[in-house]
Amino acid sequence: MRIRAQVAMVMNLDKCIGCHTCSVTCKQTWTNREGTEYVWFNNVETKPGIGYPKHYEDQDRWHGGWQLDRKGRLTLRSGGRVKRLTRIFSNPDLPSIDDYYEPATFDKDILVGAPAGLNDTPVKRPHSALTGEPMTVEWGANWEDSLGGAHERADQDPNITGMPPEAAAKVKFEFEKTFMFHLPRICEHCLNPACVSACPSGAMYKREEDGIVLVDQNKCRGWRMCVSACPYKKVYVNHATGKAEKCTFCFPRIEAGQPTICSETCVGRLRYLGIVFYDEDAVLAAASVKDERDLLDAQRDVFLDPHDPVVRQAALDAGMPEEWVEAARLSPVWRLISEYRIALPLHPEYRTLPMVWYVPPLSPVLDATGAAGRDDTDADDVFHTIRDLRIPVEYLAELFTAGDADAAAGVLMKLAAMRSYMRARTLDGTFAQELLEGIGMTGEQVEAMYRLLAIAKYDERYVIPTAYTKDAAALEAQATASDGCSLDCEGGPGMGGSDGIKAVTERFHLVEDGGDGGDTVHVGRRELVTRRPDGRMGLTIDPTRERS
Amino acid sequence: MNTVVWIVLPYLCLAVFVGGHIWRWRHDQFGWTTHTSQLLENRILRLGSPLFHLGAFGVIGGHAMGLLVPASLTAALGIPEHLYHLVAVWAGTVTGVMLIVGLVLLIARRLVNGRVRRKTTSMDKVLYASLAVMVGLGMAATVVVNLFGPGYDYRETIAVWFRSVFWLSPRSDLMIDAPLVYQLHAIGGFLFLALWPFTRLVHVWSAPLAYLWRPYVVYRTRRGPVPTPQPSPATVREATRR
Ligand code: SF4
Ligand code: SF4
């Protein structure tokens, strides 16, 4: 046994209101730079829907993730090492920018510089952030928000095509007859990351201490194999720097004991962050189990019980600080995944052993209960809907349990039972013991689970130990030294250096001025600060930044 | 004049080649990349890039054969001069055509596609222009002089001069009577080497062969000191209240 700690996340999907606050704060923190206009480390998509980038779940097309070869060995779906190197000149599985969307920007000067007394309202038109040409906006990272355009496209959702045909035929995208929920996605920081395994230059790595998967910006050579190998399409090419970038799990914050930006700002307070111990030696075997439907249990078996004294001792022996062992014991993530067993991984069949798990939403089932003329506050009616209506359940099973509808139904039963138990408890003051038998949990467990899901405060939702205390002295030193951040290179993910002048923001003027003789900002000039047409000084970014 | 062109220039270029790489590695590993633009344009690249790269491998291999292997060695191995010549010219022409078609496609996509055009730096333009000139001269030498023309035995002159540069006893006299295309191609070649470290061509040295035997998942420890933990909002509130 080789024990390792992993920072992991669980999202409770029932509570996501699809406000995109997480996406926006993440973008402002990490990807508001040239070259990453189209990049959303955190995106929120509506399910059913084809997602961002389009159809990313269709692995027959993108060849992301792992599969078992004929001899039962785990191989990357896009092929072995030699095959990958032969495709290095042109990667056939790479999504193009149009599979994401063409980023647009607006020429705001039209509004800012409009003279007084106009008869017509000035209008800013969208311009492509890639070419500067006027464009029509036709797609975006959340184009299908709340089933927008679903009647045309949602039946192309790979999760629906994967459902049993009878059930798939019943999914109707008619207003009021359908179901939907939001699915926020970040990098899964997988235990068996396909992106790291496909990186030819070895620039991507998983951190030993906390399992965060990162790209070494100085070692990345732009072979773009990680992008196609990740089945969740959560590595992106920065087209300005020519390097791969991905969700960092906000590691500078995690190291300081703070939650990620997306968690911190989540309006629904539905994200949980914590430590999970796992056995690194068991990872390969778990990712290689034969039946896709066994992957969920196989991955749960890789995790180690932080309450077990043997495990705790092993962690201490491996050099983990007390604080970490304690954090693992209090981890809300461990409780949701392994104790209550209500969190499920997204697409376990990709065999990357993802580490961002989801409590599946009960709301689609409740909607279906209502639509079937049943009472969605009545546990029996909900149970029956779960059992015989099958439509949302089969769909959730495609997402979270490799199509195992019983496993998905089991989790939904628990959520429904908890709901009814707490309802009876608070409204009538009765204890509905019969509900507990069906789900095999005690009353205390259900109440603790309810507390964690419904009212847990900041400190209960985010249990993050600070980075190694053995570095305490270095930590002091850092406070006084002004080394700056290692990511603070021009165009790098850290952006602004300690001197602050290298800050890279989005270009204000994308469109080149037609040469009216004024001090216009010229695409291609290198000054960081230029005089804008209105006479004020503004930041300029050079799109044709010289890298040679 | 001869000394300057056939002795000083090569050494100058080689010095820039070596020094430039050292400088670039030490100062700009972040810029050390293929600078892929496949994300922005894939239709032409899908054909052009493999053609160009495979053609380039062939052409580089051909140059190594022609310049580094002395004629006496092939003769000693019993390879008839005629056979050698036939292989060299035809293989050179085929890989050269691949290279040219690939290069034309790659340049075309930079001109035609607005997205890629905007991402093309001036250094890229210099690089593409010099590549085009070099390939043009090389093909002229192979096709015009050797395939259809009278032929020229560069192995007795240019190759010997080229090797003599590396033996540190450069023989400029051998180059004086070479045909003009060959002379220009040779000068261009050295200038091209001098340009190399400042362009995206540096990615050649990062060809990821080690990938073939390294383990799939790479683990690394966090390095460097930990950042200062920031006080939680609650403690800040506490502190300011007092
Ligand atoms: S989800 Fe993250 S860790 Fe997993 S393969 Fe994709 S980029 Fe890598
Ligand atoms: S901030 Fe929270 S509630 Fe809002 S979309 Fe993101 S995950 Fe959902």
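Which residue in E13(A) is the bridge partner of A:Tyr278? Select A:Phe303, and you have the partner in E13(A).

**Before you start**

This is a predicted model, in which local features need pLDDT of at least 70, side-chain atom pairs count only at pLDDT 80 or more, and totals for chains, interfaces and linings use all residues; side-chain values use heavy atoms, with hydrogens and water left out. Residues are numbered from 1 along each chain as its sequence is written, while chains are lettered from A and ligands numbered from 1 in the order in which they are written.

**Stop 1: chain A as a whole**

Select chain A and colour by secondary structure. There are 25 helices and 17 strands. Helices (H or I, at least four residues) and strands (E, at least two) are DSSP runs, numbered from the N terminus. Of the 548 residues in chain A, 58% are buried. Buried means under 20% relative accessible area, exposed over 50%, and partly exposed in between (1.4 Å probe, protein chains only). Now turn to contacts, meaning heavy atoms within 4.5 Å. Among the contacts in chain A with a separation of 6 or more, 69% are between residues 24 or more positions apart.

**Stop 2: the five-strand sheet**

Show the open sheet of chain A. Its order is E13-E12-E1-E15-E14, and the pairing is mixed. Strand E13 (303-304) and strand E14 (344-345) are the edges; each has a single partner strand, so one side of each lacks a neighbour in the sheet. Two strands pair if DSSP finds at least two bridges between them. E12(A) and E13(A) are joined by two bridges and run antiparallel. A:Tyr278 and A:Phe303, from the opening question, are bridge partners.

**Stop 3: helix H14**

Select residues 295-302 of chain A. Six of the eight residues of this helix, H14, are buried, so the rest of the structure largely encloses it. The buried ones are A:Leu295, A:Leu296, A:Ala298, A:Gln299, A:Arg300 and A:Val302. Then show the cover over them. It includes E12, helix H13 (283-287), E13, helix H17 (332-339), E14 and strand E15 (356-359) of chain A.

**Stop 4: helix H1**

Go to residues 21-30 of chain A. In this helix, H1, the buried residues are A:Cys22, A:Ser23, A:Thr25, A:Cys26, A:Lys27 and A:Trp30. An α-helix has 3.6 residues a turn, so residues three or four places apart point the same way. The cover over the buried residues of H1(A) includes strand E2 (43-47), H11, helix H12 (261-265) and strand E12 (271-279) of chain A.

**Stop 5: salt bridges inside chain A**

Pick A:Lys47. Its side chain meets that of A:Glu45 in a salt bridge, at 3.8 Å from N to O. A salt bridge is a side-chain nitrogen of Lys or Arg within 4 Å of a carboxyl oxygen of Asp or Glu. Both A:Lys47 and A:Glu45 are buried. A:Lys47 also forms a salt bridge with A:Glu57, with the closest N and O atoms 2.7 Å apart. A:Lys47 lies in strand E2 and A:Glu57 in the loop between E2 and helix H2 (59-62), 10 residues apart. A:Glu57 is buried too, as is A:Lys47.

Next, select A:Arg2, A:Arg4, A:Glu280 and A:Asp281. These are linked in a network of salt bridges. Over all chains, the whole structure holds 29 salt bridges.

**Stop 6: the interface with chain B**

Bring chain B into view. Here 83 residues of chain A are in contact with 56 residues of chain B. The two chains bury about 6,100 Å² between them, 57% of it on carbon and sulfur atoms. Buried area is the accessible area (1.4 Å probe) that two parts lose on being put together, summed over both.

How many salt bridges does the rule find across the interface of chain A and chain B? It finds five. Zoom in on B:Lys119 and A:Glu34: this salt bridge has its closest N and O atoms 3.7 Å apart. Then take B:Arg115 and A:Asp98, whose side chains meet in a salt bridge at 3.0 Å, N to O. That pair runs from helix H5 (residues 114-118) of chain B to helix H4 of chain A. B:Arg115 counts as buried, at 13% relative accessibility. A:Asp98 is partly exposed, with a relative accessible area of 39%.

Finish on the strands. E8(A) is joined by two bridges to strand E1 (residues 219-220) of chain B, and the two run parallel. Select A:Arg207, and opposite stands B:Arg220 in E1(B).
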